[in-house]
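Here's a walk through one chain, with the structure open beside the text.

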Amino acid sequence: MLLHTHIHLRRRMLRVTESKLPVRSTWRISYFPTCLVTCDLTRSSVFRYAKMSSQTMENMKSNIECSEELPLSSSYEMAMEALSSLITRQKRGDRSSVGGKYGKLDRMLMYLKILGLEEKIAGLKIIHVAGTKGKGSTCTFCEAILRECGFRTGLFISPHLIDVRERIRLDGLDISEEKFLVHFWDCWNQLKEKVTNDLPMPPLFQFLTILAFKIFTWEEVDVAIIEVGLGGTNDSTNVIKEPVVCGIASLGMDHTETLGDTLGKIASHKAGIFKFQVLLNWADFFPLLLKHQIPAFTVPQLSEAMDVLQQKARELEVPLEVAAPLDHKQLKGLKLGLSGDHQFINAGLAVSLCKCWLQSTGNWEKLLKNANQEDDMMEAFLRGVSAARLSGRAQIVYDTPLKSYNVSEVTESSFGDLIFYLDGAHSPESMDACARWFSNAVKGTRNSPSSSFVKVENRVNGYIHQKKENTEESNKISKQILLFNCMEVRDPHILLPQLVRTCAASGTHFSKALFVPSISTYNKVTSGNSIIPSDLSVRDLSWQFNLQRIWEKIIHNKETNKGFFAKIFSNAYIAGMVVVIEPDPFDVVVDESSKMDKFYPSNLPPYKFLYEDGSSSNPANKSLSFSAVMLSLPLTIRWLRDCVKENPSLRLQVLVTGSLHLVGDVLKLLRSHGFSLDPGLAILNIPYIEEGKGNVVFVGEQLS
């Protein structure tokens, strides 16, 4: 049953009055602006005023269908199910099964036309950024800088870690569920009505790109910072015809199955976002062609990549400049909001892009009126690069297990320290940067027996302001643990040795490595409130066994000891099952008969496994003492907590890397164990943050 509604605009408040509703019905309402926050999507159809857009309510023809009895959270889960139906590949590397007769960019233009967004996108003042690594960080720096300069910002990045709304930010905050749902169902319904065999529904990333454009145009952002999804030339974001400025972050070998197997081929795809614009000007009745150059910036690149970028720029007559990395001195004692030495490169690119954007839009001189023009960076730029936040990239999370165990009668000193170092590195170059960051971070902890913490006093614009607070000295023994997984399209033969070499060069050595399957899957979109599956015992662990075999080869230097190892029979520690090693300890075979429907602590490695010195082990001990394959991630987190509970003198520093999916799953699990998550920031809500360690999170505050 459909319900007719009437919209009245009084005292800048939108009300939807409704006629009789049956017990169960579906109601259809005329589209309302996203600036209105929904009080309820059930019987009460009254919407609170949040921030009225200057756009009028005319021609709001689109419809949104909602189940009358569904609360907002259920409606959001329905949206996630709808998004999941747009995934066209079961895993990365599979060929997309999108039908129809049109190419990707042709389809994008048709979708935009259906939604009436073509001309509106042309009105956005866009910064468009491509790259192999660092493009998300660069975009995040750009957003923070321009927000600190006083502009209304829109940011579109990918992927998300916990909730899909992380991909779309307004003024530095993830878009609210209410606004997301309004725009989501409007786009969904309009496109569904136009679906044909030739023009099917857009795949997931295309739909989210369209949704971001719609939100940014409706919210009338001053600047839209758009991160390229994959490549550049054929990326869905490349329907942007006239950005204000383009940027190229660091290039490397990734997505070679799509972009090519050489750095030059990859650079050619990335340079596809360069634009050459020609304007027609009528003066004195004579047409005159005027060239409108759209500038571009790149970070320093390897010569093979730089040559291609410069060649493409010359062909399109695009002024291409190399952005210099920031120098510590330019920060005037402040620290970058994103940790790692490589972030100085990304921040340097962001500063160049923002300066160019300000100059091209006529805002540069306004901002410099009261600024010291001799300074390399204005105060707003400094605030921006220090305030930038991006979860899952060089992020440190302190886990406090007290509340998870509901043990109120013991003190924090009854437990060891469990610290997670999160970085979604998944390419050789990013793994090298991750290893250097991790080594520096744990080295700082080792050299500082007195951990200095900072208590949160307040938040300004969603970010954290700090006040130093002293803590007691800690003489705990630190052990570095690797928690790793990667997609099968990655090459662990390159990633793992790169990680070990770089860490070892800085004096950091992993005591143990744990290989675990991710919870999230490539073919399903979940929300931050989605229930974590309880039965994960059916997961295929063959890939994790392969990762363990590679790791053991690295640690044991198998190539020089193969003859000796081939004579050994032993058991490895595998959570919930027995691994029979026969005859080669690196050819791991799962004894299927020993699989258990339920897992118990007795099936896990003993607690001493983590903090025993593995360097003294020998293959003759009949165990793979440097690594373990864990049955599930929830079990692994619980086990790590048990380990520090059993040994109060232990500090476990766990590097979580290899996959952004894995990093997101860990963050979600930490939040689900009684910890709160700031829905605006999409990072863990924290009572304490350690000074000088970048994006650091200390969890343990129980939900009220």
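This is a predicted model: local features need pLDDT of at least 70, side-chain atom pairs count only at pLDDT 80 or more; totals for chains, interfaces and linings use all residues.

Contact, as used here, means heavy atoms within 4.5 Å. Leaving aside its neighbours within four places in sequence, Leu547 is in contact with Phe484, Asn485, Cys486, Pro492, Leu496 and Phe515.

The average pLDDT of the chain is 74, and 64% of the residues score at least 70. Over residues 558-602, though, the pLDDT is below 50, and the model still gives this stretch 93 contacts beyond near neighbours in sequence. Residues 674-704 also stay under 50 in pLDDT, with 112 contacts beyond four places in sequence.

**The chain as a whole**

The chain has 704 residues, of which 55% count as buried. Its secondary structure comes to 20 helices and 31 strands. Take the contacts between residues at least 6 apart in sequence: 76% of them join residues at least 24 apart.

Along the sequence, Leu547 and Ser627 are 80 residues apart, yet their C-alpha atoms lie 9.9 Å from each other in space.

One of the partners of Leu547 is Phe484, and Phe484 belongs to strand β21 (residues 477-484). Phe484 is buried too, with a relative accessible area of 0%. Beyond its neighbours within four places in sequence, Phe484 touches Met431, Leu496, Leu514, Phe515, Val516, Leu547, Thr657, Gly658 and Leu662. Leu496 and Phe515 turn up in the contact lists of both Leu547 and Phe484.

Cys356 is found elsewhere, in helix α10, which covers residues 343-360. At 7% relative accessibility, Cys356 counts as buried, the cut-off being under 20%. Setting aside neighbours within four places in sequence, Cys356 is in contact with Val245, Pro295 and Phe297.

| Pair | Apart in sequence | Apart in space |
|---|---|---|
| Leu547 and Ser627 | 80 residues | 9.9 Å |
| Cys356 and Phe297 | 59 residues | 9.4 Å |
| Phe484 and Val654 | 170 residues | 9.8 Å |

**Two helix pairs**

Two packed helices are described by the angle between their axes and the distance between the axes. How do α4 and α12 pack, and at what angle? Helix α4 (residues 135-148) meets helix α12 (residues 379-387) at an angle of about 140 degrees, and their axes are 7 Å apart. Only angles over 145 degrees count as roughly antiparallel, so α4 is oblique to α12. The crossing of α4 and α12 is right-handed. From α4, the contact draws on Phe141, Ala144, Ile145 and Glu148, while α12 brings Ala380, Phe381, Arg383, Gly384, Val385 and Ala387. Sorted by class, that α4 and α12 contact has seven nonpolar, one polar and two charged residues.

The other pair is α2 (residues 104-114) and α6, whose axes come within 11 Å and cross at roughly 40 degrees. Roughly parallel would need an angle under 35 degrees, so α2 and α6 are oblique to each other. Their crossing is right-handed. On the α2 side you'll find Lys104, Arg107, Met108, Tyr111 and Leu112, and they meet Gln206, Thr209, Ile210 and Phe213 in α6. By class, the α2 and α6 contact has five nonpolar, two polar and two charged residues.

Which peptide bond is cis? The one from Ser158 to Pro159, with omega near -5 degrees. Pro159 lies in the loop between β8 (153-156) and β9 (168-170).

Glu220 isn't a glycine, but it has a positive phi of about 55 degrees. You'll find Glu220 in the loop between α6 (204-218) and β11 (223-227). With a relative accessible area of 36%, Glu220 is partly exposed.

Lys332 is another residue other than glycine with a positive phi, near 55 degrees. Its place is in the loop between β16 (320-322) and α10 (343-360), and α10 is the helix that holds Cys356.

Definitions and conventions:
Residues are numbered from 1 along each chain as its sequence is written. Side-chain values use heavy atoms; hydrogens and water are left out. pLDDT is the predictor's confidence in each residue, from 0 to 100. Axes are lines fitted to C-alpha atoms, for helices over the stretch in contact, and angles run from 0 to 180 degrees between N-to-C directions. Helices (H or I, at least four residues) and strands (E, at least two) are DSSP runs, numbered from the N terminus. Angles under 35 degrees count as roughly parallel, over 145 as roughly antiparallel, 65 to 115 as roughly perpendicular and the rest as oblique. A crossing is left-handed if the near helix is turned anticlockwise from the far one by less than a right angle, and right-handed if clockwise. Ala, Val, Leu, Ile, Met, Phe, Trp, Tyr, Cys and Pro count as nonpolar, Asp, Glu, Lys and Arg as charged, and the others, Gly among them, as polar. Buried means under 20% relative accessible area, exposed over 50%, partly exposed in between (1.4 Å probe, protein chains only).
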